[in-house]
Amino acid sequence: MAARGRPRCFDRTAALQQAMEVFWARGYEGASIADLTAAMGIASPSLYAAFGSKEQLFREAVDHYVETDGSGCWRGFNDHPTARAAIAAVLEAGAEASTMPGKPSGCFIVLAAMTCSAENAELQRELSERRRSLCDVVRLQLERGIARGELAPGTDAQALAAFFITVLQGMSIRARDGGSREDLLAVARHAMAVWDGLAARVSH
């Protein structure tokens, strides 16, 4: 016998996309249930039935962002022939992703739970861990560049990775404050000038 119960009358993935954009634009605590249900086109009972809670909806929205709008920056990061090319590409992609037409400005992972009340500290911590993990990805790429002779053996890969991640994440704040794509691309070019200054020491 078929299971009884009212079938869902909405597209769950489409609803999740809309919720993601609300969280992206307003942050976790700034997004009310009324905001979310209006954007998703469903009533609050349907939201809770499909996603369990606002917190769980947010976590699914984070994963959805990483798999969709947020995936472009890091795609192929380890496939570039040089570490410099990889860093330049991710900074350029970050500038473009932070200023996508029709999307909230900046990066969801950077902005959606930057500050939270104590009761939501766990969500803030989870996004912080995601951001820190990207620093490790960059550090490993830099260490490969040092091993290949792109940078001097004494280069501090950890500090340099933190620098580039800070630039990348700072682009989100700049974009949210109204910075244009051209502004952010200029920031990326200046950040790469730091690389070129360090690389110049290799031949000395």
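This is a predicted model: local features need pLDDT of at least 70, side-chain atom pairs count only at pLDDT 80 or more; totals for chains, interfaces and linings use all residues.
## The largest pocket

Helices here are DSSP runs of at least four residues, numbered from the N terminus.

Which helices each supply at least two residues of the lining? They are α4 (54-67), α5 (83-97), α6 (108-111), α7 (121-147) and α8 (157-176). The largest share comes from α7, with 4 residues. By residue type, the lining divides into 10 nonpolar, 7 polar and 2 charged.

## The cysteines

How many disulfides does a search of the whole structure find? The search finds 0. Cysteine 116 is in no disulfide, and the cysteine sulfur nearest to its own, that of cysteine 107, is 15 Å away. Cysteine 135 is likewise in no disulfide, and its nearest cysteine sulfur is also that of cysteine 107, 15 Å away. For a pair to count as a disulfide, the two sulfur atoms would have to be within 2.5 Å.

Are these two cysteines buried or exposed? Cysteine 116 is buried, with a relative accessible area of 18%, and cysteine 135 is buried too, at 12%. The cut-off for buried is under 20%.

## The annotated region

The unreviewed UniProt entry lists residues 32-51 as "DNA-binding region". In the model, this span is 80% helix and 0% strand.

Terms used. Residues are numbered from 1 along each chain as its sequence is written. Side-chain values use heavy atoms; hydrogens and water are left out. UniProt positions are given in the numbering used here, feature names are shortened, and annotations may be inferred rather than shown by experiment. Buried means under 20% relative accessible area, exposed over 50%, partly exposed in between (1.4 Å probe, protein chains only). Ala, Val, Leu, Ile, Met, Phe, Trp, Tyr, Cys and Pro count as nonpolar, Asp, Glu, Lys and Arg as charged, and the others, Gly among them, as polar.
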